[in-house]
Amino acid sequence: MMQKLDDLFTQFQSELKDCKNKQEILNLKPKYLGKKGEISNILKSLKDATAEQRKEIGPKSNEVKQNIEQLCAKSLQNFEIEEINQKLAKNKIDITMTNSVKEMGLRSTGYHPVTLIQREVEDIFLSMGFEILDGPHIEDDYHNFEALNIPSDHPARDMQDTFWFKDSVHLLRTHTSTIQVRGMEMEGRKPPFKFVGPGKVFRCERTDASHEMVFHQIEGMMVGEDVSVSHLIYFMKTLLSQIFKKDVEVRLRPGFFPFVEPGFELDIKCLICGGKGCSVCKHTGWVELLPCGMVHPNVLKYGNIDTDKYNGFAFGLGLDRLVMMKYGIDDIRHLHGADLRFMTQFHSF
Ligand SMILES: [Zn+2]
């Protein structure tokens with residue numbers, strides 16, 4: 001009987017060698033180890049064996065069972081490894097391949113022109129000692145209106161067509177002026193300070209050549225003792241001449257914005273026609289670039305700033321308009337059109 005077990009194991013080994021896949025191994029296993037398998041058959045005949053024989057045959061059959069079990073597991077594992085290797089070979093990606101994008105006829109892209117100009121503006125303000133702050137797109141009534149001196153009955157709310165959330169409290173910010181409020185709220189912030197805050201803003205309005213529902217602004221604020229309109233003009237002129245790489249002419253006109261007093265519209269002499277008049281400047285020779293002014297005392301009070309001691313200026317610059325002026329683009333909708341023929345003109349890596 002012991003011989004039978006040895007023969008059985010030899011037979012198993014040769015059959016295992018012939019297995020060509022996992023399924024064949026899985027089928028082979030019960031043939032030997034199953035309830036009606038070969039080993040069970042041998043054990044069944046034990047009833048005819050002597051006590052002496054049983055003592056030997058028990059451990060021996062267990063040993064053979066274990067060996068079969070182990071060999072099956074090992075073969076299965078080998079097949080699995082082989083499968084994985086085959087898959088890897090089939091789906092090989094050669095990460096050392098360069099120029100593949102061009103070879104495949106794809107275009108490599110660059111940064112969006114608004115991103116480029118935003119970075120440029122940030123760099124200029126950083127060099128003038130401003131901090132760069134950020135703020136959320138989803139705002140509440142307080143940060144977008146109330147703390148900027150626009151109470152709920154104020155007509156200026158109608159000037160800004162707002163995307164409201166269903167709760168009537170939250171909204172998509174209509175201007176980056178919210179960053180002024182959040183900047184003043186920041187823990188430990190005390191005058192003097194100056195910061196800018198760039199980002200997307202949202203207005204519920206019809207789109208045309210100069211209006212979009214989503215556009216970009218950069219907000220700026222400087223608070224300290226004896227801040228004046230001449231500071232404002234100085235920083236704006238420095239910014240604009242660095243961006244346009246030449247001296248630019250600016251002018252201030254009185255403008256009404258609830259968060260500044262006095263408020264101004266800062267115009268820039270049209271860079272497309274040089275002041276002679278064209279469609280971009282609506283034939284006036286000047287392009288309205290940004291609203292600005294001296295921060296309204298109410299806004300400073302909301303920011304817990306002592307208005308007897310400090311004052312400041314603030315401005316909100318439209319980044320899309322700046323891109324349009326810089327590159328001579330006559331329709332803001334190009335900026336959101338995702339047309340690669342347009343976008344890839346602004347390469348800079
Ligand atoms: Zn013009």
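Figure 1. A residue is termed buried if 20 or more other C-beta atoms lie within 10 Å of its own, exposed if 12 or fewer, and partly exposed in between, with C-beta atoms placed from the backbone. F193 belongs to strand 4 (residues 193-202); helices (H or I, at least four residues) and strands (E, at least two) are DSSP runs, numbered from the N terminus. From C-alpha to C-alpha, F193 and C281 are 35 Å apart in space and 88 residues apart in sequence. Residue numbers start from 1 along each chain as its sequence is written. As the model is predicted, local features need pLDDT of at least 70 and side-chain atom pairs count only at pLDDT 80 or more, while totals for chains, interfaces and linings use all residues.

**Figure 2. Cis peptide bonds.** The peptide bond from P191 to P192 is cis, with omega near 0 degrees. P192 is located in the loop between helix 9 (178-185) and strand 4. A cis peptide bond, with omega near 0 degrees, also runs from E261 to P262; P262 is part of strand 7 (residues 260-269).

Figure 3. N149, a residue other than glycine, has a positive phi near 65 degrees. N149 is placed in the loop between helix 7 (141-144) and helix 8 (156-159), and counts as buried because it has 21 C-beta neighbours inside 10 Å. For S168, also a residue other than glycine, phi is positive and near 60 degrees. S168 is in the loop between helix 8 and strand 3 (170-172); with 8 C-beta neighbours inside 10 Å, S168 is therefore classed as exposed.

**Figure 4. Nonpolar cores.** A nonpolar core is a set of buried Ala, Val, Leu, Ile, Met, Phe, Trp, Tyr and Cys residues joined through C-beta atoms within 7 Å. The largest nonpolar core has 47 residues, of which C292, V295, A314 and F315 touch the most other members. Apart from this core lies another, of six residues, including F12, I39, V64 and I68.

Figure 5. Helix 1 (residues 2-18) packs with helix 4 at an angle of about 5 degrees, with their axes 10 Å apart; axes are lines fitted to C-alpha atoms, for helices over the stretch in contact, and angles run from 0 to 180 degrees between N-to-C directions. Helix 1 and helix 4 are therefore roughly parallel, where angles under 35 degrees count as roughly parallel, over 145 as roughly antiparallel, 65 to 115 as roughly perpendicular and the rest as oblique. Residues are in contact if their C-beta atoms, placed from the backbone, lie within 7 Å. M2, L5, L8, F9, F12 and L16 of helix 1 meet residues of helix 4, among them I57, V64, I68 and L71. Helix 2 (residues 22-33) and helix 4 (residues 51-90) pack at about 175 degrees, with their axes 10 Å apart, and are therefore roughly antiparallel.

Conventions
Two residues are in contact if their C-beta atoms, placed from the backbone, lie within 7 Å.
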